[in-house]
Structure formats: C-alpha cells, structure tokens
Amino acid sequence: MDAPKIHTSYWMETYGCQMNTAESNALEAALQAAGMKPAKSAEEADCAILNTCSVRKTAENRIWGRIGFFQHLKETRKMTLVVTGCMAERLGEEFLREAPAVDHVMGTNDKQRIAALLSGGSDERDVRYTFTESYHKEGDVKSYVPIMNGCNNFCTYCIVPYVRGREISRSPQSIFDEIDRLEQSGVREITLLGQNVNSYDFTWQGNSLRFPDLLADIASRVDSVRWIRFESPHPKDFSDELIQVIAREPAVAKHLHIPVQSGSSKILGLMNRRYDRERYVQLISKLRSAVPTVTLTTDAMVGFPGESEEDFLQTLSLMEEIRFLEAFMYYFNPREGTKAVEMPDQLPAEVRMERLQRLITLQRSITHAHKMQRCAGKTEVLVEQVSKRSATEYLGRTEHDEMVVFKPRANVAVGEFVPVALQGLVGNTYNAEHLV
Ligand code: SF4
C-alpha cells in the first residue's frame with residue numbers, strides 16, 4: 001500500500017553551477033513523476049528544496065539567509081525544508097544542529113529517494129546520501145547530461161574535491177541510453193557535464209573508455225542532436241586525441257570553454273593547476289590550427305594570494321594574446337577548508353577588486369570587437385523560444401552560444417535550426433534577418 005501523500009506541492013531554489021541546474025531539473029522530474037506540483041511561491045508550497053552551492057562563501061551566506069527566511073515562514077505554517085547539493089555534502093549533520101528549520105539533508109544524487117520521501121511523507125529529521133542519475137524538462141530543446149562527478153585535482157582555492165569527493169565516471173551505456181531518450185523527446189543540443197569533464201574514464205572488466213572516445217562515440221550515434229558541448233574541461237587533460245575528435249566530428253560544437261584562471265605561471269603553480277602559461281598557450285594554438293572556426297571562452301581569477309602587479313599584468317597580456325570571445329572573471333575569495341586560505345601574502349579586497357575591474361574593462365573591449373566583427377556574417381541558430389518581449393520574434397542561439405533575436409519570414413518552430421544573417425548588436429544579443 002502507498003504511504004499517505006503529505007506533500008503535494010514543492011518550491012525549488014537552485015544555487016551555483018550548471019551541474020546544480022541540471023540536477024534540480026532531474027529532481028523536479030522525479031517529484032512530478034511522484035505526483036507533486038510546483039508551487040507558485042515559497043509561501044504556498046508544502047515543501048521547499050534548496051539545491052545549494054559551496055564554491056564561494058558568499059553563496060553559502062546567501063543560502064543561510066534563505067534558511068532564515070524559511071525559519072520565519074515555518075513559524076506561521078507547516079512545511080518541510082530539504083537541503084541538498086554541495087553544502088549538504090559539506091556540512092551534513094551540522095545543518096540539523098545549526099538550523100532547526102531544516103528537516104532533511106540529502107545527497108545531490110538522491111533524487112528518487114527525495115521524491116519518495118516527500119510524496120510519501122516523513123516526520124523524522126535526517127541526513128542521507130547516495131549517488132547518480134539525471135534529468136530533463138519536457139519541451140526543452142537543449143539538455144545537460146552529467147557524465148562524471150567529483151574531482152581529483154585539489155586546486156588550492158577550490159572546495160569541490162572535499163564536497164563532491166573523488167572522480168566517478170558514469171557508465172557509457174547509461175549515457176547513450178539517456179542521449180537516445182533526449183533525442184527522441186526533441187532535444188537538439190546536449191552538454192556533457194562534469195567537474196573535470198575531460199578526465200572521464202570508465203573502466204570495466206579490464207576495458208577502459210576515456211573522454212575522447214566517449215565523445216566520438218556520442219557524436220557518431222546522434223542524429224537530430226546537432227551540437228554536443230562539454231563543460232568544464234581541464235587544460236591539463238586536454239589531449240591531442242581530444243582535439244582531433246573536435247576537429248573531425250561535425251556534431252561537436254566548435255565552441256569551447258577552457259578555464260585558464262591566471263596568465264602567470266607562478267600563480268598557476270600556487271593554484272596547483274598543473275599547467276603553466278606556455279602549455280596553455282600551446283594548447284590554444286594547437287586547437288586553433290586544427291579547428292580554425294573554434295571560439296573560446298574561459299574563467300579567469302585575479303587577486304590570488306601572492307599575485308604581484310607583474311603577475312596580474314601577465315593575466316592581462318594572456319587575455320590580449322588569446323582574445324577569448326567571453327570570459328567569466330572573478331576575484332579570489334578565501335574559501336574556508338581550502339589550502340589557499342592559509343597561504344601568505346593575502347591581498348586586500350580593494351586590490352582584488354581594482355584588478356578585477358581592469359580585467360573586465362579589457363575583456364569587454366575584446367568581446368565587443370569579436371562580436372562586431374561577426375556582425376555581418378550568415379549563421380545558423382537553434383530556435384529556443386518565442387521572445388518574451390514580442391510574440392512575433394523568436395530567440396535562438398548560434399553554435400558559438402551567442403543569443404540571436406529574429407522575426408520569422410516563414411513558419412519556424414522551437415527546436416528547428418534556421419539560417420539567419422546577423423545584422424547588429426543590442427547589448428550582447430544579435431538582431432538578425434531570417435533567411436528563407
Ligand atoms: S579542477 Fe580544480 S577548480 Fe575544477 S573542480 Fe577540480 S579542484 Fe575545483
């Protein structure tokens with residue numbers, strides 16, 4: 001006999017990276033399959049789920065703030081609060097001691113059990129963990145597919161290896177099955193996800209499948225999925241073999257995000273990134289000669305302990321040299337539990353912020369120059385949705401992940417690839433003419 005359903009609606013809040021967004025989608029699918037419905041607001045929900053992020057202290061502080069909000073809410077009405085994600089993994093039982101509002105602390109990959117618990121009901125406060133599986137929202141034309149979890153790298157500023165644990169790769173068959181299902185449901189673009197995605201290595205009965213072969217296998221079996229992306233690769237694991245697969249397989253998008261973090265070899269050493277400036281520059285040059293149409297984005301950090309003005313200038317010069325299409329830029333934020341917190345020569349916040357501002361100013365001008373250069377070009381976009389601004393306009397994205405708005409001159413549908421001519425830029429979005 002089924003347990004009585006005490007929760008019929010849920011409210012989901014997601015913090016942090018795309019991995020968390022993907023996992024929240026999966027969890028929502030599991031909750032809906034168990035008969036629960038999304039609530040219109042946190043105040044109306046039977047239960048709230050916070051899928052948390054530990055990467056920065058500011059993210060954790062924000063989540064503690066939200067837990068305080070739910071604490072107040074629970075004084076006026078009965079509801080259940082679940083915490084999952086990185087903070088749940090990092091703090092575990094501490095949540096139950098420190099936050100009386102939290103009812104359940106659960107592992108990131110425990111979706112079916114969360115769904116069963118919430119739809120079936122439980123009055124006990126507890127902590128549980130397990131592992132694996134993924135997600136897809138009905139109607140999406142692009143989707144994320146986690147292929148590995150955890151990280152063995154221990155960059156000195158990063159908490160991920162402590163909260164997500166060591167690398168575990170998912171079986172190729174379950175990845176293929178999922179991609180087949182996604183393709184049949186109308187997905188046209190997939191992003192393979194992992195904290196260190198290109199160190200994927202699945203071993204069974206003396207066999208081993210590494211990332212370049214997995215990517216090639218996926219590229220050769222998809223049909224209506226046109227763009228395969230992967231995120232985030234580590235430069236030290238970016239092999240020549242992988243470059244060849246990207247160059248050879250039309251279905252692998254020619255747009256890559258390769259975090260560099262710093263242009264100074266000294267700082268890269270202190271970060272324990274296990275490559276230096278020269279090796280990174282060589283990697284990009286190999287990629288560009290093998291894949292001339294490739295566009296690149298990156299992550300760059302300033303203000304790491306010990307970063308001198310000279311080190312910072314090397315980051316600026318690397319950005320000028322490589323000329324990324326876009327960059328996610330941030331300043332070093334000491335993260336409790338990592339080695340970098342204890343390093344000497346911590347920089348004052350004003351210095352970190354001032355350097356970040358200089359980096360952003362430089363990158364903005366590079367991005368703008370890139371985008372203006374591409375303005376007169378013809379390209380293809382994957383139609384993602386009708387524009388919220390006007391029902392006569394559609395939004396799509398290019399292979400290089402650029403947002404495009406256009407007025408259709410013939411029938412188009414979400415999920416189609418259509419040819420357009422880029423005409424101008426408004427902010428970061430291109431206006432385009434639909435070519436028929
Ligand atoms: S590669 Fe480094 S930054 Fe990325 S998740 Fe692993 S430890 Fe963190």
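**Stop 1**

Select Glu326. Glu326 touches Thr297 and Thr367, leaving aside residues up to four places away in sequence. Two residues are in contact if their C-beta atoms, placed from the backbone, lie within 7 Å. Glu326 sits in strand E16 (residues 326-331). Helices (H or I, at least four residues) and strands (E, at least two) are DSSP runs, numbered from the N terminus.

Is Glu326 buried or exposed? It counts as buried, because 20 C-beta neighbours lie inside 10 Å. The cut-offs are these: a residue is buried if 20 or more other C-beta atoms lie within 10 Å of its own, exposed if 12 or fewer, and partly exposed in between, with C-beta atoms placed from the backbone.

Glu326 and Leu296 are 30 residues apart in sequence, and their C-alpha atoms are 7.3 Å apart in space.

A word on the model itself. It is predicted: local features need pLDDT of at least 70, side-chain atom pairs count only at pLDDT 80 or more, and totals for chains, interfaces and linings use all residues. Residues are numbered from 1 along each chain as its sequence is written.

**Stop 2: the whole chain**

Zoom out. The protein chain has 13 helices and 21 strands. Its radius of gyration is 23 Å, close to the 22 Å that the globule rule gives for 436 residues, so the chain is as compact as a globular protein of that length. That radius is taken over C-alpha atoms, and the rule is 2.2 Å times the number of residues to the power 0.38. Along its principal axes, the C-alpha trace spans about 60 × 60 × 50 Å.

Buried residues make up 40% of the 436 residues. Of the contacts with a separation of 6 or more, 72% join residues 24 or more positions apart.

**Stop 3: the domains**

Colour by domain. The assignment gives domain 1 (9-128), domain 2 (142-374) and domain 3 (378-434). These bounds come from an automatic or database domain assignment.

Show domain 2 and domain 3 together. Their centres, taken over C-alpha atoms, are separated by 27 Å. The contact takes 13 residues from domain 2 and eight residues from domain 3. On the side of domain 2 that touches domain 3, the largest share, three residues, comes from helix H13 (residues 349-374). That side divides into four nonpolar, three polar and six charged residues. Here Ala, Val, Leu, Ile, Met, Phe, Trp, Tyr, Cys and Pro count as nonpolar, Asp, Glu, Lys and Arg as charged, and the others, Gly among them, as polar.

**Stop 4: helix H2**

Select residues 57-76. This is helix H2, with 20 residues. It reaches 30 Å from its first C-alpha to its last, close to the 28 Å expected at 1.5 Å a residue. The expected span is 1.5 Å times one less than the number of residues.

Which residues of H2 are buried? They are Glu60, Ile63, Ile67 and Phe70. They cover an arc of only 70 degrees around the axis, which puts them on the same side of H2. The arc is that of the directions from the helix axis to the C-beta atoms. The buried residues of H2 pack against strand E3 (47-52), strand E4 (80-85) and helix H3 (86-91).

Turn to the other side of H2. Exposed residues there include Thr58, Asn61, Phe69 and His72.

**Stop 5: helix H11**

Select residues 277-290. The 14 residues of helix H11 should span 20 Å at 1.5 Å a residue, and the end C-alpha atoms are 20 Å apart, which agrees. Its buried residues are Arg277, Tyr280, Ile284 and Leu287. These lie on the same side of H11, because they cover an arc of only 100 degrees around the axis. Their cover includes H9, helix H10 (265-270), strand E15 (295-302) and H12. The face turned away from the buried side carries the exposed residues Glu278, Ser285 and Ser289.

**Stop 6: backbone exceptions**

Most residues other than glycine have a negative phi, and most peptide bonds are trans. Now select Arg323. Its phi is positive, about 55 degrees, although it is not a glycine. Arg323 lies in the loop between helix H12 (309-322) and E16.

Next, Asp345. Its phi is also positive, about 60 degrees. Asp345 is in the loop between E16 and H13, and counts as exposed, with 10 C-beta neighbours inside 10 Å.

Finish at Ser232. The peptide bond from Glu231 to Ser232 is cis, with omega near -5 degrees. Ser232 lies in the loop between strand E13 (227-231) and helix H9 (240-248).
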